[in-house]
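Here's a quick tour of the charged side chains in this protein. Have a look at the model first, then we'll go through the pairs.

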Amino acid sequence: MKARVVGVAEMDASDLARWSALLERSLNPYPFLDPRMVEPASRHVESAKGMRLVVVEDASEFVAMMPVAPFRILTGLPPRGISTENAFLDKESTWNHPLIRSDRAVESLEALFLGLRSLGLPRLLDLRTVPAGDAYEDAIREVSARLGIGLFERERRDFAYATQVTQERRESERAPMVLSCEPSFALDHASAQTRKTVAKRKGSLEAALGATLQIHDRGAEHDAIEQYIDLQASGWKGDPARGGSGLRVMGYEPWFREVTSRYRADNQLAVYALTAGTQLIYMRVLFHIGQTMFSYGDAYDERFAAFGPGVLGRVATINRALAEPNVQSLEPNLGSHYVNDSKLYPSRHTRVRLLAANGGLAANTVVRALPWARAIRRRMAHSE
């Protein structure tokens with residue numbers, strides 16, 4: 001296997017095809033490191049124009065890929081390092097871990113670490129969003145032991161998501177499923193008070209509009225994205241004075257149209273619309289990879305803010321996504337600091353930030369010293 005560093009803008013059609021194939025076979029894939037997302041961003045989005053990747057090739061296949069950027073554990077001081085952090089991913093995504101082949105996870109990661117060494121890149125490596133407690137973290141631990149790579153866990157955070165894997169669901173997947181346009185506002189994991197509040201808001205909104213709420217997937221409709229952009233721009237996300245950084249404010253419309261067109265062509269775009277009669281209340285855009293729906297964003301008509309349309313829309317779209325016969329989970333792409341929004345999702349999974357010493361005296365010294373430094377800080381904090 002061989003490794004190389006390549007800018008996204010430099011990749012040719014063969015590279016993009018192999019990238020797509022890797023994504024399909026990856027352990028823990030995500031859309032924000034998908035060529036359908038990133039290649040258009042390299043042309044339309046300023047933060048992605050300089051994006052660089054380390055790719056590991058085995059004959060004609062990509063087996064691993066990692067976003068790469070310079071990194072220092074202490075600003076202005078040695079040693080230098082590299083990180084999976086990236087300006088584009090940092091803004092758009094809560095993930096930035098490397099893509100590795102699910103059927104060759106240990107082999108792919110080992111080739112990636114060795115490839116980083118062969119490229120002469122700094123040996124201190126900041127892995128920011130490693131999926132914890134599953135095959136991905138297991139592979140990192142195994143490769144680290146094989147290659148003598150020191151690891152230090154800098155932080156561990158839980159992220160919300162929704163999943164539904166039951167025997168009844170598995171049975172239903174064997175036959176085509178007719179999806180109802182009647183939205184479900186079930187929140188089985190929530191408190192009785194929360195469920196009562198959601199039901200009250202639903203009833204009040206329907207009474208105010210004189211129509212029942214309905215939900216439809218408009219992903220196949222070309223004008224749905226334009227309507228979503230307009231809806232987003234009509235609210236606070238379209239108002240820079242209120243901190244809005246929506247698609248129109250940022251000038252990201254050409255990028256988003258191209259991305260959603262690519263997913264639509266692959267029948268992997270969902271645009272859920274919550275309506276009452278002819279009135280559009282809420283919209284949410286999601287991308288489908290494997291058996292997971294990944295949320296990009298949502299928007300609602302602020303004229304109905306008193307009825308909590310954001311909460312109603314999110315609950316309805318969570319339940320609609322999990323009713324799809326080929327969907328097992330919904331990832332909201334929601335930072336762990338959004339505590340209230342996270343409460344709408346019944347499940348949690350953990351990601352860890354690891355600092356790895358991929359060989360080299362300086363890198364190993366830093367990683368070995370960090371547990372000692374952390375212990376000293378804790379003792380000092382307790383003594384104050």
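For counting charges, Lys and Arg are positive and Asp and Glu negative, with His and the chain ends left out; each charge is placed at NZ of Lys, CZ of Arg, CG of Asp or CD of Glu. On that basis, the mean positions of the 49 positive and 46 negative charges sit 6 Å apart.

Keep in mind that this is a predicted model: local features need pLDDT of at least 70, side-chain atom pairs count only at pLDDT 80 or more, and totals for chains, interfaces and linings use all residues. Residues are numbered from 1 along each chain as its sequence is written, and side-chain values use heavy atoms, without hydrogens or water.

Searching the whole structure turns up 43 salt bridges (a side-chain nitrogen of Lys or Arg within 4 Å of a carboxyl oxygen of Asp or Glu). Here are some of them:

| Pair | Closest N to O |
|---|---|
| R52 and E10 | 3.6 Å |

D341 is partly exposed at 28%. As for the other pair, R52 is partly exposed at 34%, while E10 is exposed at 53%.

There's also a salt-bridge network, which links R25, D58, E61, R101, D103, R104 and E107.

Notes: Buried means under 20% relative accessible area, exposed over 50%, partly exposed in between (1.4 Å probe, protein chains only).
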